[in-house]
Amino acid sequence: MEKPKALMEGTSKEELEILSSLTFHPHRVSVESSFYEYYAVRGIRVDRVEPGAVSCTFKVPRRLTDRDGILASGAIANLVDEVGGAVVYVEGLPMNVSVDMSISYLSTAKLNDELEITGRCLGKRGSYSGTSVLVRNKMTGELIAEGRHSLFGKHVSKM
């Protein structure tokens, strides 16, 4: 317990209260949200789905910001991963696996900013797919991040 206590030194009282209020119960599959679903993807609203394209909206929550109220870069990477994966998802087939992501962080998003996330499929070759995901501030139109994402998915045998 000494190591975790040492890591917490310098943490504000408010931040310690937030951390101590977190509770994580065992996950019951298909009954309730997993930690990942609850913490990382909750709040993504799908606005439009077309073949090879997805458009979503996301309001920046406190749980994904740093001390200054700035959306964490890991949260942006998660949005690129989720939306990029949604673009190439085919119902009835196993989920695709992320192979590579490249993200250009161009600006920041703040607490309660509403983001517009658009993803499109750039192409498919065999089992590989490439996607592009743009994250914009919905109010200002400012580009927050641009991601390129490649995925691998198992295809149904043609035999």
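The protein chain holds four helices and six strands. Helices (H or I, at least four residues) and strands (E, at least two) are DSSP runs, numbered from the N terminus. From that end, the order of elements is α-α-α-β-β-α-β-β-β-β. This is a predicted model: local features need pLDDT of at least 70, side-chain atom pairs count only at pLDDT 80 or more, and totals for chains, interfaces and linings use all residues. Residues are numbered from 1 along each chain as its sequence is written, and side-chain values use heavy atoms, with hydrogens and water left out.

**The sheet**

Six strands form an open sheet in the order S1-S2-S4-S5-S6-S3, with antiparallel pairing. Strands S1 (45–50) and S3 (97–105) are the edges, and each pairs on one side only. Two strands pair if DSSP finds at least two bridges between them. S1 and S2 run antiparallel and are joined by five bridges. Glu50 stands opposite Ala53 in S2. From one strand to the next, the twist averages 15 degrees; axes here are lines fitted to C-alpha atoms, and angles run from 0 to 180 degrees between N-to-C directions.

**The core**

Of the 159 residues, 30% count as buried, meaning under 20% relative accessible area with a 1.4 Å probe, protein chains only. A nonpolar core is a set of buried Ala, Val, Leu, Ile, Met, Phe, Trp, Tyr and Cys residues joined through side-chain atoms within 4.5 Å. The largest one has 23 residues; Phe58, Leu71, Ala109, Leu115, Ile117, Val135 and Ile144 touch the most other members.

H4 gives the most, with eight residues. Buried residues in H4 include Ala75, Ile76, Leu79, Val80, Val83 and Val87. At 1.5 Å a residue, the 16 residues of H4 should span 22 Å, and its end C-alpha atoms are 23 Å apart, which agrees. The expected span is 1.5 Å times one less than the number of residues.

**Contacts and surface**

Contact means heavy atoms within 4.5 Å. Leaving aside neighbours within four places in sequence, Leu115 is in contact with residues including Phe58, Leu71, Leu79, Ala109, Val135 and Ile144. Among contacts with a separation of 6 or more, 60% join residues 24 or more positions apart. The accessible surface of the protein chain comes to about 10800 Å², of which 55% belongs to carbon and sulfur atoms. Accessible areas come from the Shrake-Rupley method with a 1.4 Å probe.

Technical notes:
Buried means under 20% relative accessible area, exposed over 50%, partly exposed in between (1.4 Å probe, protein chains only).
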